[in-house]
Amino acid sequence: MITLGIETSCDETACALVQDGRLLSNIVSSSVPLHAKYGGVIPEIASRYHIEYINKVVREALKKAKKQIRNLDLIAVSKNPGLPGSLIAGVSFAKALSYSLEVPLVDVNHVHAHIFSNFLTAPKADMQFPFIGVVVSGGHTNIFVVRSFEELELVGRTRDDAIGEAFDKVAKILGIGYPGGPKIEKYAKRFNGKGAIKFPKAFLGHDSLDFSMSGIKTAVLYYARTKKLSAFEISRISWSFQEAVFEMLIENIVKAVKKFNIKTLLLGGGVLANKELRAKLARACKKMCCNLSYPPPELCVDNAAMVAGLGENIFKRGRLK
Ligand code: KG4
Ligand code: ZN
């Protein structure tokens with residue numbers, strides 16, 4: 001079975017081909033450079049970009065996979081959550097294609113797709129339900145108990161900003177550009193941890209698996225206002241912020257593993273591209289004797305491979321019912 005995935009939930013126009021769980025092509029065209037000067041995504045610019053580029057991206061995905069449009073057996077599209085105008089662009093395109101080619105259409109939850117992106121690369125033997133699924137992206141910070149491709153119970157979430165969003169806002173405060181995650185990671189690498197700033201970590205109760213980023217974000221803002229932002233100071237703030245946020249994240253992941261006694265973790269989302277986070281997670285999982293899976297960086301950030309992969313699994317499962 002050959003599945004075309006379409007992803008237009010935010011600022012990436014992405015299409016990918018997957019054949020029975022195997023990735024054939026994965027094309028992403030990003031409108032990020034057009035948003036950079038505003039320090040965040042401008043929805044109107046993002047949706048216009050999808051409309052302009054989606055045909056081109058589909059053609060490229062087919063070409064790279066050496067397939068023709070008539071070879072498609074299934075279309076999968078991100079239906080929610082996301083920016084409404086951006087989602088409409090992808091869903092309308094997918095519906096028209098499904099109708100004209102007479103192939104079925106499956107809609108996919110974008111956040112769930114981040115978790116199942118792991119199925120495209122991890123060994124099949126490791127992929128036994130249930131899992132703890134964690135999505136750390138620009139729009140979401142969620143912890144799920146994952147019982148099947150369609151049964152995901154949300155057990156922890158952010159009460160305000162997503163972690164990636166907090167990275168983007170802190171980078172804006174520091175004047176180092178958008179998207180903030182890779183910039184903060186780069187600056188943090190230049191600081192050795194000596195003389196770090198103790199930014200406050202939100203505590204929402206012993207039983208809670210929720211997150212809050214507003215306190216630390218405000219603390220960074222107030223601290224930065226009092227300093228001349230030299231390259232050294234930016235590195236120090238970046239390191240200290242990153243450290244505190246990753247500690248909060250990992251504390252809740254550890255709590256979730258203990259609470260549900262599930263020893264396999266599937267992670268996804270743009271923030272997982274951060275090498276320091278990957279290293280910290282690996283250490284925490286080793287300590288708890290947990291299996292840890294996260295996809296390669298190009299499948300952590302928004303992409304359509306994860307959409308095609310999950311769509312194919314949902315479709316096949318539906319046929320078995
Ligand atoms: O998953 P994604 O591409 O889009 C959403 O669904 O939101 O995630 C984008 C987010 C941005 O907030 C970006 O700053 C963050 O992921 N990000 C990172 C890194 N690379 C991307 N955050 C921390 N470190 C990184 N290296
Ligand atoms: Zn995403």
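Student: How do the residues of the shell around ligand 1 divide into nonpolar, polar and charged?

Tutor: They divide into 7 nonpolar, 11 polar and 4 charged residues, where Ala, Val, Leu, Ile, Met, Phe, Trp, Tyr, Cys and Pro count as nonpolar, Asp, Glu, Lys and Arg as charged, and the others, Gly among them, as polar. This is a predicted model, in which local features need pLDDT of at least 70 and side-chain atom pairs count only at pLDDT 80 or more, whereas totals for chains, interfaces and linings use all residues. Residues are numbered from 1 along each chain as its sequence is written, chains are lettered from A and ligands numbered from 1 in the order in which they are written, and side-chain values use heavy atoms, with hydrogens and water left out.

Student: Which residues come nearest to ligand 1?

Tutor: Of the 22 residues around ligand 1, Gly138, Asp168, Glu185, Gly270 and Asp302 come nearest, and a residue is near a molecule if one of its heavy atoms lies within 4 Å of it. Helices H4 (110-116), H5 (163-174) and H6 (180-189) each supply at least two residues of this shell, a helix being a DSSP run of H or I with at least four residues and a strand a run of E with at least two, numbered from the N terminus.

Student: What makes the approach of ligand 1 to Gly181 a polar contact?

Tutor: A polar contact is a pair of N or O atoms within 3.5 Å; within protein, one must be able to donate a hydrogen and the other to accept it, and residues adjacent in sequence count only if both atoms are side-chain atoms. An oxygen atom of ligand 1 is 3.0 Å from a polar backbone atom of Gly181, so the pair meets the 3.5 Å limit. Oxygen atoms of ligand 1 also come to 3.1 Å from polar backbone atoms of Gly139 and Gly164. Taken alone, ligand 1 exposes 560 Å², of which the protein buries 89%, by the Shrake-Rupley method with a 1.4 Å probe.

Student: Why is Thr141 called buried?

Tutor: Buried means under 20% relative accessible area, exposed over 50%, and partly exposed in between, with a 1.4 Å probe and protein chains only. Thr141, in strand S7 (residues 141-146), has 1% relative accessibility and therefore counts as buried. Its side chain reaches the backbone nitrogen of Ile163 at 2.8 Å.

Student: Why is Cys289 called exposed, and why is Asp20 called partly exposed?

Tutor: Cys289, in the loop between H9 and strand S10 (291-293), stands at 61% relative accessibility and so counts as exposed. Asp20, in the loop between strand S2 (12-19) and strand S3 (22-30), stands at 42%, which means that it counts as partly exposed.

Student: What makes the phi values of Asp20 and Cys289 worth a remark?

Tutor: Most residues other than glycine have a negative phi, and most peptide bonds are trans. Asp20 has a positive phi near 45°, and Cys289, also not a glycine, has one of about 55°.

Student: Which peptide bonds are cis, among those ending at Pro81 and Pro179?

Tutor: The bond from Asn80 to Pro81 is cis, with omega near -15°, and a cis bond with omega about -5° joins Tyr178 and Pro179. Pro81 lies in the loop between strand S4 (74-80) and helix H3 (84-101), while Pro179 is placed in the loop between H5 and H6.
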